[in-house]
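This report describes how two protein chains touch and how part of one of them is built. Look over the sequence and the model before reading on.

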Amino acid sequence: MSKTDDRIAAWRARREQQQAALAAHGDLPIQLALIASRAETVGRSEDEASDPVLAMVLECVRAEPHETVGERRRVYDAIARGFERGIETGNLQSDYAELRRRQLRTIIRLIEADARSVENADFRVDYRPTGLNEALDPLIGGYRRRRKRSEEEESRQARRRAVLADEVYTIAVPEEEEGDLVYLRDLLARVDARRSAGAGRMSSHLRAFWALLPYQFLLLKSESRVALAWTLIGPAVLMGLLMSAYFLAGIHTILNMDVPTFAMLGSTSWFMLRQIIFRSTAAVHALRTLLNLRAFSPAILGLGQGLIYMCSYTAVYIALIGGGYLAGLFTLPASVPGVAFWLACIGLMALAIGILFGSIAVIWPYFSRFAPVIERALQMVSGVILVSEQLPVQYRWVVLWSPLSHAEQLLRSAYFEGYKSEDADPHYFFVWLGVLTVVAFVSQRLVRSRSVPG
Amino acid sequence: MIDLFSVSDACELYGQDVVLFEKLDFHLPAGRYALLSHVPEHRRLVMDVIGGLRPPRKGSVEISGTISWPIGRNAMLRSKTSGIHFINLIADLYGLDRDWSGEFVSSLISRPDYLSRPLFSWPPYLRQDFSFALGLLPEFDIYLIDSMMPSEDSRFTRLWQALFEQRLVGKTLIFSSYRPKQLLDYCAKALVFEAGRLEIVSDLEDCLERFPVRPAREAMVDSVNGGADEGGDFFL
C-alpha cells in the first residue's frame, strides 16, 4: 500500500471518528467532542487498571490548550461526559462503574493539583501525578471487597433458593480438590453400601452394647497402665493382709480351706465387687457425654462398665490362680463352673448396687462420696475375712443378713473340695439379687429424665 | 417425623429448675428447621428432648427414621481414647465398616496424623473438624446440629460442605447455631421454642429478627426475670 493510500485511510478513520463524536456529542465543539468520544471508549472498558484512564486524560489535556484553569476544566468536563456515557452504554456492573468514576475523579484531581502547583506543567508521556498510587490503591481494594461481598450475597441467595427447594447446592471446590471430593464421595458410597448390606443383622440395643464394650475397655486401658495393673495388685495387697493376719494367729487352714487360697478368693471377689460398684455408679451418673449418642442410656453405660470389670477380673482370677498354683501357693478349684457361676452372681449383684447408687447420685451427687463408706462396712460382714461357720452360732446373724456373705460362702463351697457351707442359702441370695435388680432398674427409669447429655 | 405426645418436662439449668414443656402435643414434619428461642440456653435442652436423647418426665417422643447425635457437640470428644477408637465406636454403633469409615475421616480432616493420639490432646479446631467429619459417616433421616458449622475458608470446610449438601437433600435438619447466616444457608423454616410451646414459622428471616441467636443483654435480663420469681438478677 502506498503512502497516499495510508494517508487516505487515516483521513477516512479520522473523519469517521469525527462523525461518530459529533453524533454522540454534537453540542460540543469538534475537538471536545472527539475528547468525549475517546473517553467514552475508555469508560466502556472492563479493565480495572487505572493506567489507561490516566493515559487518556493526559493525552486529552496535552492535545488541547491547558494553560489556564478554565481551559483545563473544559477538557475535564468533556472527558467526564464521555466517560459517563461509556459507562452507561457499556452497561457496567454498578460497583465497577463506581470504581471507574472514582478513578477518573481522583486522576483529574491529582493532575489539576500538580498543574496548579508546578509552573508550565507539560504532562510528559511518563508523567504520573504525585501520590497517584496511594490515592488509587484504596479504591481498588475497596472495590474488590465490595465485589467479594456482592458475590457472597449472590451465592447466599442461590443457596437460599436451593434450601427452599430442598435441592443440592453445589459448593465451589478448587480444581486441585476435585479429586479429593470424588474420592470422598466414593468412600461414603462404600460406607453406605456396606451399612445397607449389614443392616438388620443385630438389634440396636445389642449393637450398642457390642460397640460400647471395646470402647470402654480402651478407655480403661488409656486411663493409665497402673489402672490395669491395679486390678491385679489391689487384690494381692488385700490377700496379703488377710493371709498375714491368719498366719500371725498361727492358722493355716480354715474349715479345710487353705489360708492363701481362702484369702485370695475373698479379696479378689471383693475387689471385683467394689470396682464394679464404683465404676458403674460413676458411669450412670457421670459419663454423660456418651448420652449424646441416642443408643446409649445411663443403664447401658453402667452395665457396660460393670461387664468390663467382670471380664478384667476373670483374667485376674486366671492369672492369680494359675500363677499361685504354679508357685505352690494356691490349690485349684474343685468345680470351675461353680466358681464361675458364683463369681458372675457376685458381679451381677455389684452391677445392681452400682446402678442403684448411680441413680441416687443423679438426684444427689454427693451420695457418691458415701459409696466407699458403705462398701467398707459391707466388706466387714460379707464373708471376705471369715465365713459364718467360724463364728459362734449366736453371732452368725451378724454376717448372714448380708446376701454377699451367702454368695462368698457358696463361692468357697464350689472352690474347695473339703468345705461345704452349712449356713449359706442360695435362695436368700437370689431373692436379694432379684429385688436389688428390680429396684436398680426402676430407680434408673425414674431418674432417667434427669440425666442430661453432657 | 418427630411427634411429641402430651410431653411435660422440666430440667435443671444453672442450678434453677426450668419448665420446658407442659402437656405439649406437637408434630414436626420433615424439613429444615432453625431452632430458635429467646433464651439460647434452652435450645440445647429442647434438642435433647426432641432428639430422643433425654426422655421427658411425662409423655413420649416418637421419632420416625434414624436420627443423628447432635453433631458439633464436642464434649464426647474429650476422652482419653484416640480418634481411631472413636471412629470404631461410631462404626460399630451404626453398623458401618470400620476401615472405610477410618479412611473417610482421615482423608477429610486436615491433620490425619492426630487420629492415633488421645482426643483430649487435639487442638480445638481439629476436634471440631473431626466431629463434623464423623457426622457424615452414617446416613441419617434427621440431622441434629448443635454448633456452628465449619465456615472458614479451608479445604476441610469446602469438602465437608459439598458432602453435607448431598447428604441433606430430602432429609430433616434441626440446626441450632449462633450464626444467623448459617441458619439462613441451611434452614428453610424456624422451629421456635417459646413459653413451653414449639411452633413452626415459615418466615425464617423475620424469626431471626424476633429471636436473635445472641440476644441483647437487656433482652436476656427481661427474659430471665419473666421466667423466674427469684434470682432474676442472675445476669446483673
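## Size of the interface

Chain B and chain A bury about 5400 Å² between them, and carbon and sulfur atoms give 61% of that area. Buried area is the accessible area (1.4 Å probe) that two parts lose on being put together, summed over both. The contact (heavy atoms within 4.5 Å) takes 63 residues from chain B and 50 residues from chain A.

This is a predicted model, in which local features need pLDDT of at least 70, side-chain atom pairs count only at pLDDT 80 or more, and totals for chains, interfaces and linings use all residues. Residues are numbered from 1 along each chain as its sequence is written, chains are lettered from A in the order in which they are written, and side-chain values use heavy atoms, with hydrogens and water left out.

## Salt bridges

The rule finds eight salt bridges across the interface of chain B and chain A. Each is a side-chain nitrogen of Lys or Arg within 4 Å of a carboxyl oxygen of Asp or Glu. B:Arg167 and A:Asp192 form such a salt bridge, with their closest N and O atoms 2.7 Å apart.

## The sheet of chain B

Chain B has an open sheet of six strands with mixed pairing, in the order E5-E6-E7-E3-E8-E9. Strands (E, at least two residues) are DSSP runs, numbered from the N terminus, and two strands pair if DSSP finds at least two bridges between them. The edge strands of chain B are E5 and E9 (197-201), each pairing on one side only.

E5(B) pairs with E6 (residues 142-146) of chain B in the parallel sense, over three bridges. B:Ile67 stands opposite B:Ile142 in E6(B).

Definitions and conventions. Helix = DSSP H or I, 4+ residues; strand = E, 2+ residues; numbered from the N terminus.
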